[in-house]
Amino acid sequence: MPDTYRKVSALVIRDGCQILTITASKHPDVHCLPGGPEVAGESHEATLDRELAAELDTGLASLSHLGKFEATSGIDGALVRTELYQVELTGEPRAVQPGRTLRWVHPLDRDVEVSTSVHGVLHYCIGAGLLHAALDQPPHPA
């Protein structure tokens, strides 16, 4: 039976048509959402604040819960259960950890490999009107 991962993820939207992704720590060719595992006794806000500082060198200005999402990992077949929050950051994000890179991903980008979770979130965001300009504007350069 595959593992189950529980995480809290941040959805950061730019220009109404791109979301912020970061390469996975163990799979540098796959982009995922910033965030990380839930820690017992820690609130989702505290988890995101900790993870955003560690991954992006920025803080959490605001957050809004969007829902719970499930996806099967395309990497190891594990079930990934994500609490997703739309967030505003306190500063300009940058990749802190060696070997990891940030990328603003447009739903029409075809030159970037995103996790199955990100695929699901992109579809949700378009349907919910969060990426209102996604289909009206071409992808920006990375």
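This is a predicted model: local features need pLDDT of at least 70, side-chain atom pairs count only at pLDDT 80 or more; totals for chains, interfaces and linings use all residues.

Student: OK, what pLDDT does the protein chain average?

Tutor: The average is 88, and 92% of the residues score at least 70.

Student: Which elements have the lowest and the highest mean pLDDT?

Tutor: Helix α2 has the lowest mean, 86. The highest belongs to helix α1, residues 44–56, with 96.

Student: Fine. Pockets next: how much space lies in the largest pocket?

Tutor: About 840 Å³. It is lined by 33 residues, and those closest to the centre are Tyr 5, Lys 7, Ala 24, Cys 32 and Val 80.

Student: Which element gives the most to that lining?

Tutor: α2 does, with five residues. Strands β1 (4–11), β5 (35–37), β6 and β7 (79–89) each supply at least two residues as well.

Student: How does the lining of the largest pocket divide into nonpolar, polar and charged?

Tutor: There are 13 nonpolar residues, 12 polar and eight charged.

Student: What about the second largest pocket, how much space is in there?

Tutor: About 180 Å³. Its lining has 13 residues, with Pro 107, Asp 109, Arg 110, His 119 and Leu 122 closest to the centre.

Student: Which element gives the most to the lining of that second pocket?

Tutor: α2 again, here with four residues.

Student: Is Cys 125 buried or exposed?

Tutor: Buried, because its relative accessibility is 0% and the cut-off for buried is under 20%. Cys 32 also counts as buried, at 13%.

Student: How many aromatic pairs does the structure hold?

Tutor: One. Phe 69 and Tyr 124 sit edge-to-face, 5.1 Å from centre to centre, with 75° between the planes.

Student: Which parts does that pair tie together?

Tutor: Phe 69 lies in strand β6 (residues 60–72) and Tyr 124 in helix α2 (residues 116–127), so the contact links parts that are 55 residues apart in sequence.

Student: How accessible is Tyr 124?

Tutor: It counts as partly exposed, because its relative accessibility is 30%.

Student: You mentioned β6. Where is Gly 67 found, and is Gly 67 buried or exposed?

Tutor: Gly 67 is in strand β6. With a relative accessible area of 14%, Gly 67 is buried. From Gly 67 to Ala 54 is 13 residues in sequence and 23 Å in space, C-alpha to C-alpha.

Student: Last one, what about Trp 104?

Tutor: Trp 104 has its place in strand β8, residues 102–105. Its relative accessibility is 15%, so Trp 104 counts as buried. Trp 104 and Thr 4 are 100 residues apart in sequence, and their C-alpha atoms are 27 Å apart in space.

Definitions and conventions:
Residues are numbered from 1 along each chain as its sequence is written. Side-chain values use heavy atoms; hydrogens and water are left out. Buried means under 20% relative accessible area, exposed over 50%, partly exposed in between (1.4 Å probe, protein chains only). Rings of Phe, Tyr and Trp (its six-membered ring) pair if their centres lie within 6.5 Å; planes under 30 degrees apart count as stacked, over 60 as edge-to-face and the rest as tilted. On a 1 Å grid over the protein atoms alone, a cavity is a set of points where a 1.4 Å probe fits but cannot get out, and a pocket is an open set with protein on both sides within 12 Å along at least five of seven lines; lining residues have an atom within 4 Å of a point. Grid points are joined across faces, edges and corners, and a volume is the space filled by probe spheres set on the points. Ala, Val, Leu, Ile, Met, Phe, Trp, Tyr, Cys and Pro count as nonpolar, Asp, Glu, Lys and Arg as charged, and the others, Gly among them, as polar. pLDDT is the predictor's confidence in each residue, from 0 to 100.
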